[in-house]
Amino acid sequence: MLVAIWAQDENGLIGKDDQLPWHLPDDLQFFKKMTQNNTIVMGRKTFEGLGKRLLPNRQTIVLTSNKEYDGNGALVMNSIEEVLEYANQFEGITFIAGGGEIYKQFLPHYDVLYRTLIRAEFDGDAFFPYLDWEEWNIVSTSEGTVDEKNHYPHDFETYQRNTVNSVNN
Ligand SMILES: NC(=O)c1ccc[n+]([C@@H]2O[C@H](COP(=O)([O-])OP(=O)(O)OC[C@H]3O[C@@H](n4cnc5c(N)ncnc54)[C@H](OP(=O)(O)O)[C@@H]3O)[C@@H](O)[C@H]2O)c1
């Protein structure tokens with residue numbers, strides 16, 4: 001199963017200077033909880049934005065065109081086909097975890113979307129790609145925690161592909 005997981009602001013912004021534009025530990029906790037014991041796939045820029053750090057208890061795959069790339073312990077793959085083949089064989093969930101370039105190329109393949117919608121506007125340079133929301137049904141939403149560490153209201157949303165539209169298209 002292939003799942004996109006991302007956080008965006010009200011304008012679809014997801015990144016700034018290879019980092020997240022906001023500080024929202026509640027969303028990082030959500031990411032950690034959902035991806036535990038599964039696989040996360042990220043582009044080389046996102047991986048380097050994290051300082052090439054590997055998150056514990058999950059497999060990390062880094063996508064790059066560089067065949068000699070040092071993944072610092074992550075699995076390095078050079079094409080989306082390679083990732084799709086991996087996801088087909090993997091019994092757990094393969095999470096596509098950004099950034100913008102990577103989300104875009106996997107758009108036709110997602111089974112489920114986990115979107116954190118942050119009710120605020122930020123400046124930045126990376127956006128989630130255009131998505132035809134008609135193809136997706138929201139199946140759950142829950143409000144994130146707002147407190148002294150988490151300043152921005154945010155919702156955790158889950159979408160499933162609308163099978164009627166997928167069959168017709
Ligand atoms: N808000 C969120 O949920 C979230 C999540 C993740 C990331 N982000 C943000 O997104 C931003 C980065 O996004 P981005 O679009 O600039 O970069 P990116 O998607 O992280 O990485 C792009 C790189 O991935 C590699 N790549 C892309 N397509 C490939 C393919 N088909 N085959 C092999 N390699 C491929 C290339 O690496 P090479 O140049 O090495 O070939 C490319 O330069 C950062 O600001 C980050 O913080 C936000």
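I count a residue as buried if 20 or more other C-beta atoms lie within 10 Å of its own. By that rule, buried residues make up 30% of the 169 residues in the protein chain. I note that this is a predicted model.

**Overall build.** I looked up the secondary structure and found five helices and ten strands in the protein chain. The radius of gyration is 16 Å, close to the 15 Å from the globule rule for 169 residues, so the chain is as compact as a globular protein of that length. Along the principal axes, the C-alpha atoms fill a box of roughly 40 × 40 × 30 Å. I then took the contacts between residues at least 6 apart in sequence, and 68% of them join residues at least 24 apart.

**Around the ligand.** I found 29 residues around the ligand, of which Gly15, Gly43, Ser65, Gly98 and Gly99 come nearest. Sorted by class, the shell has ten nonpolar, 14 polar and five charged residues. Among the elements that each supply at least two shell residues are strand E1 (2–8), strand E3 (39–43) and helix H4 (100–105).

**Backbone checks.** Most residues other than glycine have a negative phi, and most peptide bonds are trans. I looked for departures from this.

The peptide bond from glycine 98 to glycine 99 is cis, with omega near 0°. Glycine 99 sits in the loop between strand E6 (94–96) and H4.

Asparagine 37 has a positive phi of about 65°, and I located it in the loop between helix H1 (25–35) and E3. Asparagine 37 counts as exposed because it has 9 C-beta neighbours inside 10 Å.

Asparagine 72 also has a positive phi, about 55°, and lies in the loop between strand E4 (59–63) and strand E5 (75–77). With 14 C-beta neighbours inside 10 Å, asparagine 72 counts as partly exposed.

Terms used:
Residues are numbered from 1 along each chain as its sequence is written. This is a predicted model: local features need pLDDT of at least 70, side-chain atom pairs count only at pLDDT 80 or more; totals for chains, interfaces and linings use all residues. Helices (H or I, at least four residues) and strands (E, at least two) are DSSP runs, numbered from the N terminus. The radius of gyration is taken over C-alpha atoms; the globule rule is 2.2 Å times the number of residues to the power 0.38. A residue is buried if 20 or more other C-beta atoms lie within 10 Å of its own, exposed if 12 or fewer, and partly exposed in between; C-beta atoms are placed from the backbone. Two residues are in contact if their C-beta atoms, placed from the backbone, lie within 7 Å. A residue is near a molecule or strand if its C-beta atom, placed from the backbone, lies within 6 Å of it. Ala, Val, Leu, Ile, Met, Phe, Trp, Tyr, Cys and Pro count as nonpolar, Asp, Glu, Lys and Arg as charged, and the others, Gly among them, as polar.
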